[in-house]
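Biologist: This structure is new to me. Please take me through it in short steps.

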Amino acid sequence: MPDSAAAREIVDALDAAIERAVAEAGGSTEPVRPNHRVPLHWPPHPIAGEYHVLPNEWTETATLTLDDESFEVKIARNQYGVFGKCDALWCDAKGTSVPNMLAAMAQRCGPFLARGRAIAQCLGREGRYTGVLRDLTPAELVVLLYCPDRDIAHHARTEIELQARLAIFAPALIAILRDRRHPNRRSAQWCVLDLFEDLPSFCKTDELQQQAIDAIRDLIWDAPDDYARTIYKAGVVLGGHISTPPAAEALIACIEAPSRFGRRSAIHAVFHLAEWLPSSIPAIVAALDRAAAADPEPLLRDFAASMARDIRSGEMDHVPEPVLAGD
C-alpha cells in the first residue's frame, strides 16, 4: 500500500511550490506557453584531446569567475594554442591566449551553470544546484516538473518513473493535472501524462486510477489552450494507453466538451480507443455523428465526420487534426 505520510509530504511541497510560483508571477495564474525542450548534453565533447595535449603539459593554472563563483582552470600550451580544463565543471576550452580561452570556457559552461541555477530557483533555493537529480527527494523531483527548462523537467520525470515502485507519487501527480494556477503547469502536466501512459505503475488501486482518469477528463474538458500539446496528449493517454471502459466513457464525453481544444483532442483520440477497445466503437461513432452535425466549429464538424467514416470503414490511419485559432 502507498505510504500515505510520504505521499502527503509530496503534495504539501507541491502546494507550497505553486503558491511561491504564483507570488513570483505577481499573482498571475495565466498559463505560460513553454518553449520546446532543448537537451543539455554534459560534459561536452573534449577539445584538448583533438590537439594532442599531453598530461605533462598542464603546467599552469588560472581562475575562471562566473556569477560570483570561482573555479580553478588548468592550462596547457602547444603549437595549436592555449588550452584550459576545469575539473569542477567537466569542461575544457581552447583559445589564442589565456583571457581568450577563459572567455571561450565561460561561454561553453554557460548552459550548464544556467541549468543549476534553474533547478535551485524552481526548488526555492539560493544560488546554483551542484548535485545530480537522483540525490533529490521525491517531493523535489515532483516540483521540478514545473521547471521552465523543459529538459530539467524531462529528467525529473525520468527519475520519478524510476522510483514508481515507491507508490507515493499518485496524489501529487493527479494534483498537477488538476492544477489551474501555476504559470508553468502545461509542461508539468505533459510530464504527468507521459508517466500515466503506464497508469497502473503509479496508481495501484482502482480508486486512484479513477481519480487520474477524472483529472485527465477535466483537463481536456475546459482547456483554454493546447500549449505544449498537453491537451492533445491527454486524449491520447485516455484512448491509446489507458483504454479501459472508464477511460472510454471519459474520452467519449469530451467529444462534447466546452473547450474546442478538448473536443479536437477527443475526436482524434477515439480513433486509438476504437483500436484498443473495439466494444466502444458504437458509442464512439454515435458521439462523432452528433459532433459532425452540431459542433460549433466547422473544422471540428468536418474532423468528426471524417473520423467517424474512418472508424466505420476500419481504416488503419486517420485524417490529420485541424489547426485551430490559438494554436
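**Contacts, burial and packing**

Biologist: Which residues does Arg117 touch, not counting those up to four places away in sequence?
Modeller: First, the ground rules. This is a predicted model: local features need pLDDT of at least 70, side-chain atom pairs count only at pLDDT 80 or more, and totals for chains, interfaces and linings use all residues. Residues are numbered from 1 along each chain as its sequence is written, and side-chain values use heavy atoms, with hydrogens and water left out. Taking contact as heavy atoms within 4.5 Å, Arg117 touches Asp67, Gly127, Arg128 and Tyr129.

Biologist: How far apart in space are Arg117 and Tyr129, C-alpha to C-alpha?
Modeller: Arg117 sits in helix H2, residues 98-122. Helices (H or I, at least four residues) and strands (E, at least two) are DSSP runs, numbered from the N terminus. Along the sequence, Arg117 and Tyr129 are 12 residues apart. In space, their C-alpha atoms are apart by 6.2 Å.

Biologist: Is Arg117 buried, partly exposed or exposed?
Modeller: Buried means under 20% relative accessible area, exposed over 50%, and partly exposed in between (1.4 Å probe, protein chains only). Arg117 has a relative accessible area of 34%, so the class of Arg117 is partly exposed.

Biologist: How many helices and strands does the chain have?
Modeller: The C-alpha trace spans about 75 × 45 × 35 Å along its principal axes. Of the 327 residues, 50% count as buried. As for the elements, the chain has 13 helices and four strands.

Biologist: Which residues does Leu14 contact, leaving aside neighbours within four places?
Modeller: Leu14 lies in helix H1, residues 4-24. Its relative accessible area is 1%, so Leu14 is buried. Leaving aside neighbours within four places, Leu14 is in contact with Val142, Val143, Tyr146, Ala172, Ala175 and Ile176.

Biologist: Which side chain does the side chain of Asp151 join in a polar contact?
Modeller: Asp151 lies in helix H4, residues 150-162. At 0% relative accessibility, Asp151 counts as buried. A polar contact is a pair of N or O atoms within 3.5 Å; within protein, one must be able to donate a hydrogen and the other to accept it, and residues adjacent in sequence count only if both atoms are side-chain atoms. At 2.8 Å, the partner is Arg37.

Biologist: Which backbone nitrogen does the side chain of Asp151 reach?
Modeller: Not counting residues up to four places away, Asp151 touches Arg37, Val38, Pro39, Leu40 and Arg115. The side chain of Asp151 comes to 3.0 Å from the backbone nitrogen of Leu40.

Biologist: Where is Gln163?
Modeller: Gln163 has a relative accessible area of 14%, so Gln163 is buried. Its contacts, leaving aside neighbours within four places, are Pro138, Leu141 and Phe169. Its place is the loop between H4 and helix H5 (170-178).

Biologist: At what angle do the axes of H12 and H13 cross?
Modeller: Axes are lines fitted to C-alpha atoms, for helices over the stretch in contact, and angles run from 0 to 180 degrees between N-to-C directions. The axes of H12 (residues 281-294) and H13 (residues 298-313) come within 7 Å. They cross at roughly 150 degrees.

Biologist: Is H12 roughly parallel or roughly antiparallel to H13?
Modeller: Angles under 35 degrees count as roughly parallel, over 145 as roughly antiparallel, 65 to 115 as roughly perpendicular and the rest as oblique. The axes cross at roughly 150 degrees. That makes the pair H12 and H13 roughly antiparallel.

Biologist: Which helices are included in what covers the buried residues of H10?
Modeller: H10 spans residues 245-253. Its buried residues include Ala247, Ala248, Ala250, Leu251 and Ile252. Their cover includes H8 (206-221), H9 (230-242), H11 (260-276) and H12.
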